[in-house]
Amino acid sequence: MSEPHVLSRLPLLRFLFRLRNLRRLRLRDIGVSLLQSEVKQEHQSFSLSLFSRIFSLIIMETKKKQGLNIEGYPIEGLSIAGHETCIILPSFNLAFDIGKCPQRAISQQFLFISHGHMDHIGGLPMYVATRGLYRMAPPTIIIPKVIKENVEKIFEAHRAMDQSELKHTLIGLDIGEEFYLRKDLKVKAFKTCHVIPSQGYIVYSVKQKLKPEYVGLQGEEIKKLKFSGVEITNTTTSPEVAFTGDTTSDFILDPHNLDALKAKILIMEARRSSTYVENTMSVENARDYGHTHLSEIISHAERFENKAIVLIHFSARYHLDVIEKAVAALRAPLAGRVFALTEGF
């Protein structure tokens with residue numbers, strides 16, 4: 001006899017898939033949870049008590065995630081200096097840099113690469129290959145124009161080795177050039193300063209606003225003007241999110257980069273920022289390697305108009321509590337609006 005209250009397999013699985021989408025859990029996480037429960041599927045059903053156990057495991061797994069939600073934008077990914085950097089913005093269906101190709105990045109249609117160091121671009125062939133394996137649409141990859149030829153050679157080598165198509169669209173974007181994700185969203189490349197060619201990216205929202213002289217007109221009048229070829233709107237843009245990749249603090253002083261400092265969210269590196277507390281790396285050391293020291297961010301604090309600054313690219317040698325203490329010690333005007341992405345620490 002089965003228990004009086006049971007959930008058939010199909011409704012339960014449907015529920016798990018819905019919960020997975022809501023919580024952005026990986027399928028592997030759910031699978032592992034099920035296996036750990038040592039399920040005995042008698043009479044094609046699950047008991048209510050087993051369902052409770054699985055539900056608890058999923059909630060526990062969700063709480064482990066260290067992603068952020070800032071200004072209405074979920075920010076996920078990993079950034080460990082010298083190991084891997086991949087920042088995922090699901091709201092825009094994009095990732096900045098690919099690192100070793102973390103699983104959550106695969107579902108993003110657009111990928112923006114800041115520079116050619118392995119910890120930022122190493123997982124590129126895997127990203128394309130895995131999307132192909134899952135029969136997803138070929139991705140669009142935006143890279144600095146200066147490295148486009150070399151990236152094409154990487155794909156040619158992998159095609160020759162495993163006889164796969166590796167379908168994708170590769171676009172070389174120069175500093176100052178723009179790429180539209182969709183009609184109301186565009187990305188612009190801006191100059192950063194690293195030891196090899198590099199660039200950051202700014203995501204802008206794009207809106208059409210009725211020109212002042214037409215405000216107050218009836219709908220039919222506006223429609224007639226539009227059909228007659230009159231331009232009735234102005235295009236307005238607003239910087240939403242900026243990503244620097246690896247860079248020295250010189251990008252802060254560049255007058256062409258003001259929008260990066262005005263974006264709602266600035267995602268930037270603070271190389272070994274926790275050493276600001278331990279004082280084991282000087283500003284000169286950080287600059288020599290093309291990175292930014294936390295003390296430089298503090299020095300330029302008045303220049304940041306961002307509502308939030310997300311620090312990434314911490315050294316793997318530091319424990320989570322050291323990073324958290326460094327961020328918590330920040331004073332006005334940075335206090336309360338600086339966050340650290342610490343998944344993996």
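A: Strand 8, which spans residues 140-144, is mostly covered, since five of its five residues are buried, where buried means under 20% relative accessible area, exposed means over 50% and partly exposed lies in between, computed with a 1.4 Å probe on protein chains only. Strands and helices are taken here as DSSP runs numbered from the N terminus, a strand being E over at least two residues and a helix being H or I over at least four. The model is predicted, so local features need pLDDT of at least 70 and side-chain atom pairs count only at pLDDT 80 or more, while totals for chains, interfaces and linings use all residues. Residues are numbered from 1 along each chain as its sequence is written, and side-chain values use heavy atoms, with hydrogens and water left out.

On one side, strand 8 is joined by three bridges to strand 7 (residues 110-112), and the two run parallel; two strands count as paired if DSSP finds at least two bridges between them. Within this pairing, F110 has T140 of strand 8 as its bridge partner, and L111 is bridged to I141 of strand 8. Strand 8 is also joined to strand 9 (residues 169-173), here by five bridges and again in the parallel sense, with I143 standing opposite G172 of strand 9. From strand 8 the chain passes through helix 6 (residues 148-162) to reach strand 9, and this β-α-β crossover is right-handed, a term that applies if, with the strands pointing away from the viewer, the path from the first strand over the helix to the second runs clockwise.

These strands belong to an open sheet of seven strands with mixed pairing, in the order 3-4-5-6-7-8-9. Strand 3 (68-70) and strand 9 form its edges and have a single partner strand each, so one side of each is left without a neighbour in the sheet. Neighbouring strands of this sheet are turned against each other by 25 degrees on average, with direction ignored. Helix 6 packs on the sheet, where it touches strand 8 and strand 9, and its direction makes about 160 degrees with that of strand 9. Contact means heavy atoms within 4.5 Å, and angles run from 0 to 180 degrees between N-to-C directions of axes, which are lines fitted to C-alpha atoms, for helices over the stretch in contact.
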